[in-house]
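I opened the file today to look up a few overall values and one surface feature. My entries follow.

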Amino acid sequence: MLEAIAAGTRGLPVIFPVHPRTAKTLQTLPGFPPSLRLVDPQPYLEFNWLVKHAKAVITDSGGITEEATVMGVPCLTVRDSTERPEPLLSGTNELIGTDPTQLLPALDRLFAGQWKKGRIPQMWDGKSGERIVATLERLLAT
């Protein structure tokens, strides 16, 4: 998968926030792709800055697929299934799967400008707190 990412990203630097134990293991691999830059796990705001300014995100995290959708950033999910369908249905996410050979065609579409634009799902408007309070007030009034 690492080789597929390096090949598919056309020499662009890939920032890879990785757990220290995983980084230690990855650094022992022969021929580790030099375009993959391992960094420590990032705090929330710093990580979101990286996502917002990325050409795309490659992840296996459901939560990151949602963050990328809200920011309008193309997202390739390297999983075979997801518990979060909204980013797939209306967002910027595509489920690529765990087969590394599926990554290159997806990245080719991205670089060709053929990635889906997506939109923020309807109820992701930042007003859920207001809706919850209104529902609680209605329930308490009865």
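How far apart are the mean positions of the 15 positive and 15 negative charges of the protein? I found them 4 Å apart. For this, Lys and Arg count as positive and Asp and Glu as negative, while His and the chain ends are not counted. The place of a charge is NZ of Lys, CZ of Arg, CG of Asp or CD of Glu.

I noted that this is a predicted model, in which local features need pLDDT of at least 70, side-chain atom pairs count only at pLDDT 80 or more, and totals for chains, interfaces and linings use all residues. Residues are numbered from 1 along each chain as its sequence is written, and side-chain values use heavy atoms, with hydrogens and water left out.

Next I looked up the fold elements. I listed seven helices and five strands, as DSSP runs numbered from the N terminus (helices H or I, at least four residues; strands E, at least two). Their order from the N terminus is α-β-α-β-α-β-α-β-α-β-α-α. The C-alpha trace spans about 65 × 35 × 25 Å along its principal axes.

Then I checked burial. Of the 142 residues, 32% count as buried (under 20% relative accessible area; exposed is over 50%, partly exposed in between; 1.4 Å probe, protein chains only).

Last, I looked at helix α7, residues 128-141, where Leu-139 sits. Leu-139 counts as exposed because its relative accessibility is 56%.
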